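Please read these notes with the model open beside you.

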Amino acid sequence: MVAQSQVELVRTDPELPPVGVVERGPAPPARRVGLVVVAVLGAVAWSVLALVRGEHVNAVWFVFAAVCTYVIAYRFYARLVESRIVRPRDDRATPAEQLDNAKDFMPTDRRVLYGHHFAAIAGAGPLVGPVLAAQMGYLPGTVWIIVGCVLGGAVQDYLVLALSVRRHGRSVGQMARDELGRVGGVAALVAVFVIMIILIAVLALVVVNALAQSPWGVFSLAMTIPIALFMGVYLRVLRPGRVSEVTLIGVGLLLLAIVAGGWVAETSWGQDWFTLSPVALAWWLAAYGFAASVLPVWLLLAPRDYLSTFMKVGTIVLLAVGILVARPEVQAPAVSQFALRGDGPVFAGALFPFLFITIACGALSGFHSLIASGTTPKMLEKESQAKLIGYGGMMMESFVAVMALVTAVVIDQHLYFAINAPAGATGGTAETAAAYVNGLGLGGTPITPGEIQQAATAVGEESVVSRTGGAPTLALGMSQVLSSVVGGSGLAAFWYHFAIMFEALFILTTVDAGTRVARFMLSDSLGNLPGPGRRFRDPSWRVGAWLCALVVVALWGAIVLMGVTDPLGGINTLFPLFGIANQLLAAVALTVVTVVVVKKRLYRWVWIPALPLVWDLAVTMTASYQKVFSAEPRIGYWAQHRAFQDARAAGEQSFGVAKTPAEMDAVIRNTAIQGTLSIVFAGLVLVVVLAAVVVVVRSVRAGGLPTTEDPEVPSRLFAPKGMIPTPAEREVQAQWDARAADRVGSVAAR
Amino acid sequence: MSDATAVGRRTDARGRGVVRGIVRAGAAVRWYTTTLLGDRDYARYVAHLARTHPGAVPVTEKEYWRARHAEQDAHPSARCC
C-alpha cells in the first residue's frame with residue numbers, strides 16, 4: 001500500500017538528512033473509508049439540524065456537524081489552498097529558523113505553537129457573538145460559524161500566516177504598505193488603530209455589563225490582580241522560569257477567589273464594597289487599563305497571560321466534555337421570527353447583513369490577521385506547518401463559537417430574552433420582564449416572574465433581567481450544562497461565576513495587551529512626524545509612554561462610558577459597530593492577500609481569497625450603509641439621531657426609551673459618534689480596497705509584479721507537517737535523532 | 001503452570017500496560033503544559049547558545065527572563081478578542 005503513495009524527500013545539504021517530506025498520491029484505503037464515514041455522519045448531523053421541526057434537537061448534533069465539516073474541509077479545501085496558492089517549500093528556512101534568537105524568533109514544536117496561536121486568537125469574542133446571534137434561532141448562526149470558518153476565516157488566517165512567514169514575520173499593516181503602496185498602507189494602519197479602540201471598548205463593555213451590581217463577580221475579578229502581581233513577583237524574584245508551577249498556584253488561587261466571592265457577597269461589607277454601578281466599573285476598568293499598559297510586563301501582563309492561556313485551553317475542554325456528557329436539548333427554534341422580520345430586541349436589523357456582523361469571531365475575524373502576522377510566524381518551524389496552525393487554529397476557534405451558541409440555545413427561550421433584551425424594553429424587574437417576554441410570542445410555556453427570579457437566585461445573583469452582553473447568558477447556559485454533569489444544583493452558582501470569571505479574565509487580557517499595542521502604534525506614528533513629535537520614538541521616554549497610554553485609554557474609555565449610560569442599551573447599539581470593525585479588518589487582510597495572489601499571476605485560484613473578500617465586503621458595506629443611511633431609527637444611527645433631535649426641538653420631555661431631556665441629549669450625542677465612526681471605518685477600508693484595485697490593474701497589465709517576498713535561505717531543520725507524523729516523517733525524524741545522538745556521542749568521546 | 005497463574009500473569013501484564021499508558025499520558029500532558037507556558041525556554045536558550053556560539057557563557061535563568069520581559073516590554077503583541 002505504501003508503494004501507491006509517492007514519497008519525495010527534500011534535501012538542502014547532502015551531508016544532512018532530508019529537511020522535508022512531500023507525500024503525493026492517493027490516501028491509504030483505511031483513511032479513505034474513514035473519510036467516507038465522517039462525511040456520512042456529518043451529512044446526517046446537518047440533516048438533523050436543518051430538517052427536524054417540532055421536537056427538541058439534541059445539542060450533540062451540533063458537535064458532530066461541526067467536527068465532521070472541519071475534518072472534510074481540512075482534508076480537501078485546506079489542501080487545495082495549500083497546493084494552489086501557498087505552495088509551501090520545506091527547503092526554505094522560516095524566519096524562526098533563520099533569525100533564531102531563543103526569544104521572539106524561535107522554532108517551536110508545532111503542537112505547542114498550535115496552543116500558543118489558539119490562545120492568542122481566541123478570547124471572549126467567539127463566546128459573545130454567537131450568544132447574541134441566538135435570537136435568530138440556532139440554524140443561521142451555526143451555518144455561518146461553520147461555513148464562514150472553512151471558506152472565510154480559516155482561509156484568511158492561513159494565507160496571512162503564509163504571507164508573513166515569507167516576509168520575516170512582518171505585520172499585516174506593514175505588508176499592506178509594501179504591497180499596496182503608501183496611501184493604501186496608511187489607510188490600513190489608521191484602520192487597524194481605530195478598529196482596535198472600538199474592539200477594546202466593546203469588550204470592556206461586556207465585562208461591565210456582566211459585573212455591574214454583582215459583588216460576587218467583582219470580588220473574584222478584582223482578586224485576579226493581586227494574584228497576577230504575586231505570580232509576577234514569584235517569577236521575577238523567587239523562582240524565575242518556573243512558569244507552570246506558578247500558573248498552577250495561580251489557578252488554585254483563582255478557584256479559591258471564585259468560591260470566596262460567594263462568601264464575600266453574603267456579608268454586608270462585601271456588598272458595600274463590591275457592588276459597583278456600571279459607571280463606576282467603567283472608570284475602574286479605564287484606570288486598570290492605563291496602569292496595566294504602563295507597568296512593566298513581568299508584573300501584571302505576563303502572569304495574566306499565563307493564567308488566561310491555561311484557563312482558555314482548560315475551560316474549552318471542560319465545556320466540550322460537558323456538552324457531550326450532558327447532551328442537553330435545544331430550546332430555541334431553528335429559525336426564529338426575529339430572523340425573518342429583523343426586529344429582535346437583542347440586536348436590530350435583518351438576518352443579512354446583521355447576523356454575519358454579530359458573529360465575527362468564530363467565523364471570520366479580521367483581528368486574527370494581527371496575530372497570524374505578528375507572533376506566530378516568528379515561531380513556525382516549517383512552511384508546510386502553516387496549514388495546521390493557521391487553518392487548523394481557526395477551526396478550533398470556530399468550534400468554541402459553536403459551543404457558545406449551544407449554551408445559549410439550551411436555556412429557556414423566555415429566560416434568554418429576559419436576560420438579553422435591553423432594560424428599556426424589559427423594565428428591569430422580574431415582573432415587567434416576564435410580561436415583556438411573554439408578549440413576544442415565543443411559543444411554549446410562558447415564564448412567571450418567580451421563575452426569572454429563581455434563575456438569578458440559583459446562581460447567586462440579585463437579578464438576571466437585562467444582563468446584556470452575552471456573558472451572563474453564556475455563564476447561565478454553562479452552569480446549566482456543567483452542573484448537570486458535576487455537582488448538581490449545589491454547584492450551579494460556582495459554575496456561573498466560574499464562567500463569568502474566565503470571560504472577564506480573557507477580556508482583561510485583551511484590554512491590557514490591546515491598550516499597550518495601541519499605545520505603541522500611537523507613539524510610533526507621532527515619532528514619525530517632523531518636529532518635537534520625534535521624541536515619542538524613544539520607547540524609554542516615560543512621559544511619552546504615559547501620554548500615549550492616556551490618549552488610548554481616554555478614547556476607548558469614553559466609548560465604554562457612552563455605552564453604559566446609553567438609554568438605548570450600549571450592547572444593542574455598539575455591538576454591530578464592533579462586528580463591522582472586526583470584519584472590515586478582515587477585508588483589509590484579505591485584500592492584501594488577494595493582491596499578492598494577483599501579483600504572482602495565480603489568476604485561476606484568485607477566487608480562493610476573493611470569495612471571502614467579496615462576501616465580507618458585501619456584508620460590511622451593506623451593514624455600514626444601513627447603519628448610516630437607514631430611515632428606520634432602530635437600525636440607522638443618523639435616523640435615530642434625527643428622531644431624537646426633532647423631539648428635542650419640539651420641546652418634548654421624554655421620547656421613546658429616553659425618560660428625561662438629559663437622556664435624550666445622550667442619545668443625540670451617542671448616535672452622532674456611532675454614525676461618524678461607521679462612516680470613518682467604511683471610508684478607510686474603501687480607500688484600502690481602491691488602492692488594491694489600482695495595484696491589481698497595474699499588475700495584470702504588466703503581466704505580474706514582483707512581491708516583497710524574502711530571498712530564499714536553505715533550511716537545515718526538519719519537523720513533521722501535521723499533528724501526527726506520517727510513517728515517512730517518522731523515518732526521517734529517526735535519521736535526525738540518530739545524527740544528534742551521534743554528535744553528542746562524539747563530543748563526549750573527545 | 002496452572003491456568004490461574006497464567007491468567008494472573010496476563011492480568012498483571014495488562015495492568016502494567018495500563019499503568020505505563022497512564023504514566024506516558026501524564027508525561028505527555030506535563031511536557032505539553034511546561035513547553036506551552038515556557039518552563040523549557042531557558043534550557044532551550046542554553047542549548048541554542050552552545051550551538052551557535054560554542055564556549056560563550058550563558059546568562060543566568062533570572063537574567064534570561066529579565067531580558068525576555070524587557071523584550072516584551074518594548075515589542076508588545078496583541079491578543080485577540
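1. Burial first. A residue is buried if 20 or more other C-beta atoms lie within 10 Å of its own, exposed if 12 or fewer, and partly exposed in between, with C-beta atoms placed from the backbone. Helices (H or I, at least four residues) and strands (E, at least two) are DSSP runs, numbered from the N terminus. In helix H7 (residues 172–180) of chain A, seven of the nine residues are buried, so this helix is largely enclosed by the rest of the structure. The buried set is Val172(A), Gly173(A), Met175(A), Ala176(A), Arg177(A), Glu179(A) and Leu180(A). The cover over these residues includes H6, H8, H16, helix H25 (570–599) and helix H28 (661–702) of chain A. Gly181(A) follows H7(A) and has a positive phi, near 95°.

2. Ground rules. This is a predicted model, in which local features need pLDDT of at least 70, side-chain atom pairs count only at pLDDT 80 or more, and totals for chains, interfaces and linings use all residues. Residues are numbered from 1 along each chain as its sequence is written, while chains are lettered from A and ligands numbered from 1 in the order in which they are written.

3. Helix H6 against helix H17. Two packed helices are described by the angle between their axes and the distance between the axes. Here the axes of H6(A) (residues 138–165) and H17(A) (residues 386–409) come within 8 Å and cross at roughly 155°. Axes are lines fitted to C-alpha atoms, for helices over the stretch in contact, and angles run from 0 to 180 degrees between N-to-C directions. H6(A) is therefore roughly antiparallel to H17(A). The cut-offs: under 35 degrees is roughly parallel, over 145 roughly antiparallel, 65 to 115 roughly perpendicular, and the rest oblique.

4. Helix H8 against helix H12. H8(A) and H12(A) (residues 278–294) pack at about 135°, with their axes 9 Å apart. The two are therefore oblique to each other. H8(A) also passes H12(A) in a right-handed crossing. Ala204(A), Val207(A), Val208(A) and Leu211(A) in H8(A) meet Pro278(A), Leu281(A), Ala282(A) and Leu285(A) in H12(A). This contact has eight nonpolar, no polar and no charged residues. The classes: Ala, Val, Leu, Ile, Met, Phe, Trp, Tyr, Cys and Pro are nonpolar, Asp, Glu, Lys and Arg are charged, and the others, Gly among them, are polar.

5. Leu199(A). This residue lies in H8(A). Leu199(A) is buried, with 28 other C-beta atoms within 10 Å. What does Leu199(A) contact, leaving aside its neighbours within four places in sequence? Phe367(A), Gly514(A), Phe578(A), Ala581(A), Asn582(A) and Cys81(B). Contact means C-beta atoms, placed from the backbone, within 7 Å. Phe367(A) is 168 residues away along the chain, with a C-alpha separation of 9.3 Å from Leu199(A).

6. The chain contact. 46 residues of chain A are in contact with 28 residues of chain B. On the chain A side, H23(A) gives the most, with seven residues. By class, that side has 24 nonpolar, 15 polar and seven charged residues. Chain B itself has three helices and zero strands. Of its 81 residues, 17% count as buried.

7. Backbone geometry to check. The peptide bond from Phe352(A) to Pro353(A) is cis, with omega near 5°. Pro353(A) lies in helix H15 (residues 351–358) of chain A. Gln213(A) has a positive phi near 60° and is not a glycine. Gln213(A) sits in the loop between H8 and helix H9 (215–238) of chain A. Arg601(A) also has a positive phi, about 60°, without being a glycine.

8. Confidence. pLDDT is the predictor's confidence in each residue, from 0 to 100. Chain A has a mean pLDDT of 93, with 98% of its residues at 70 or more. Chain B averages 86, and 86% of its residues score at least 70. The model scores ipTM 0.86 and pTM 0.94.

How values were computed:
Contact = placed C-beta atoms within 7 Å. Left-handed = near helix turned anticlockwise from the far one by under 90°.
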